[in-house]
Amino acid sequence: MAMSSVSLHSRSLIRCEIAEPSGKPAPMGQKTRYKDSIFDRAFMSLFARKMENATGRASKKTGYDGFVDVSRGVLQGRNPVEQRALVREVLLSIMPPGAPETFRKLFPPTKWACEFNAAITVPFFQWLVGPCERFEVEVNGVKQKSGVKILKCRYLENSNCVGMCVNMCKIPTQDFFTNDFGLPLTMTPNFEDMSCEMIYGLQPTSLEEDPALKQPCLQLCPTSATTAVCTKLQQEY
């Protein structure tokens, strides 16, 4: 019993947990409460600091709110292409020199590599996107457990912005894995329930055909517009 208690305590120190009584993400329209571990807060601080360095804009907010606030500054004065390029720079700045080349050698686009990356996404990225789980998919006729279902994306839930989801997360992450790491990744956000599916090994569709770039603003978006497509997506791809 004592060992079990210690194990649970240790896990809470290193892993993000939902603080809702149900243990599940809050219903749509409500913001999910989280109990962030020291490691979660360290990652938030690292990413926020890197974005502050890249944009020259700091935030007075702390924790996840500060991370989202700093990332919102990336949108200011930049078109979508520039925003995605800046996110790539931030990702590269966090990694050691030569990381993409090393990743390509360690994880060529095989079934094993896709499943392994899906497996590590679940525990290590919950601080960013909230709870997620692996599921089986079929890629090029091969069944593999390389899908990750984000139950209710923490980033989208806190930003309430289609443009930030697409330009700051979906497209930069797809491009980084597909082009820099050489491991195809497709992310498909569901703006109705704020869930998202990540499929490692699946080549992303072209931006011209991607339905995510044709989405209207969310109702709770702080800069919501009445246009058919989110104004942050209407500029050049």
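**Close-up views of a predicted model**

**View 1. Strands S3 and S4 pair in the antiparallel sense over 7 bridges.** Two strands count as paired if DSSP finds at least two bridges between them, and helices (H or I, at least four residues) and strands (E, at least two) are DSSP runs numbered from the N terminus. Phenylalanine 135 has glycine 147 of S4 as its bridge partner. In the hairpin of these strands, with 2 residues between them, asparagine 140 takes a positive phi near 55°. A word on the model: it is predicted, local features need pLDDT of at least 70, side-chain atom pairs count only at pLDDT 80 or more, and totals for chains, interfaces and linings use all residues. Residues are numbered from 1 along each chain as its sequence is written, and side-chain values use heavy atoms, leaving out hydrogens and water.

**View 2. Here is the open sheet of 4 strands, in the order S3-S4-S6-S5 with antiparallel pairing.** Strand S3 (132-139) and strand S5 (185-190) stand at the edges with a single partner strand each, so one side of each has no neighbour in the sheet. Neighbouring strands are turned by 25° against each other on average, direction ignored; axes are lines fitted to C-alpha atoms, for helices over the stretch in contact, and angles run from 0 to 180 degrees between N-to-C directions.

**View 3. Strand S6 (residues 195-200) pairs with S5 in the antiparallel sense over 6 bridges.** Look for leucine 185, whose bridge partner in S6 is tyrosine 200. The hairpin of S5 and S6 has 4 residues between the strands, and methionine 194 takes a positive phi near 65° there. With S4, S6 runs antiparallel and is joined by 4 bridges; glycine 147 has isoleucine 199 of S6 as its bridge partner. In S6, 5 of its 6 residues are buried, meaning under 20% relative accessible area, with exposed over 50% and partly exposed in between (1.4 Å probe, protein chains only).

**View 4. Helix H9 (residues 162-180) lies across S5 and S6.** Its direction runs at about 160° to S5. Contact here means heavy atoms within 4.5 Å.

**View 5. Ile38, Phe39 and Phe43 form a nonpolar patch on the surface, with about 280 Å² of accessible area together.** Areas come from the Shrake-Rupley method with a 1.4 Å probe, and for residues only the protein chains shown count as cover. Patch residues have over 30% relative accessible area and no salt bridge; like charges are joined within 9 Å, nonpolar side chains (Val, Leu, Ile, Met, Phe, Trp, Tyr) within 5 Å. A salt bridge is a side-chain nitrogen of Lys or Arg within 4 Å of a carboxyl oxygen of Asp or Glu. Phenylalanine 39 lies in helix H2 (residues 38-55).
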